[in-house]
Amino acid sequence: MYLHLGKNAVVARERIVGIFDLDTASHSHLTREYLKKAQISGQIVNISDDLPKSFVVCRDKEENGEVYLSQLNSSTLMKRCEAADIE
């Protein structure tokens with residue numbers, strides 16, 4: 001199954017490590033440091049036209065992975081994951 005993250009971005013659900021709310025998760029200095037390192041290493045994929053509301057951490061075969069910044073709420077993305085489980 002796949003998860004639509006917004007715009008034209010779709011990822012395989014088995015690649016998803018976590019879905020996080022950007023506002024609450026960024027309170028932690030560890031999260032801010034992780035996102036900063038991901039940006040420096042080119043792992044950030046911004047698929048948001050507006051201010052991003054969530055970020056989705058994905059892994060790949062090389063274990064570098066990507067971090068998608070989405071304008072959708074983390075709760076919306078989670079509901080999409082749960083709805084796909086039902087279908």
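These legends go with a few close-up views of a predicted model.

**View 1. A hairpin made by strands β1 and β2.** Here strand β1 (residues 2-6) runs antiparallel to strand β2 (residues 9-12), and four bridges join them. One of the spots to look for is Y2, whose bridge partner in β2 is A12. Two residues sit between the strands, and in that turn K7 has a positive phi of about 50°.

**View 2. The largest nonpolar core, with 13 residues.** If you want to find your way around, start with L5, I16, I19, V56 and Y68, which touch the most other members. Two or more residues each come from β1, β2, β3 (16-21), β5 (54-58) and α3 (74-86). There's also a second, separate core of eight residues, with A25, F55, V57 and L69 among them.

**View 3. L5 and its contacts.** Skip the neighbours within four places in sequence, and L5 is still in contact with V11, I47, V56, Y68, S70, L72 and L77. L5 is also one of the residues that touch the most other members of the largest nonpolar core.

**View 4. The one aromatic pair in the structure.** F20 and F55 are stacked, at 5.0 Å centre to centre with 25° between the planes. The pair links distant parts of the chain, as F20 belongs to strand β3 and F55 to strand β5, 35 residues apart.

How values were computed: Residues numbered from 1 in each chain as written. Predicted model: local features only at pLDDT ≥ 70, side-chain atom pairs only at ≥ 80, totals over all residues. Heavy atoms only, no water. Pairing = 2+ DSSP bridges. Core = buried A, V, L, I, M, F, W, Y, C linked by side-chain atoms within 4.5 Å. Buried < 20%, exposed > 50% of the residue type's maximum accessible area, 1.4 Å probe, protein only. Contact = heavy atoms within 4.5 Å. Phe/Tyr/Trp six-rings, centres within 6.5 Å; stacked < 30°, edge-to-face > 60°.
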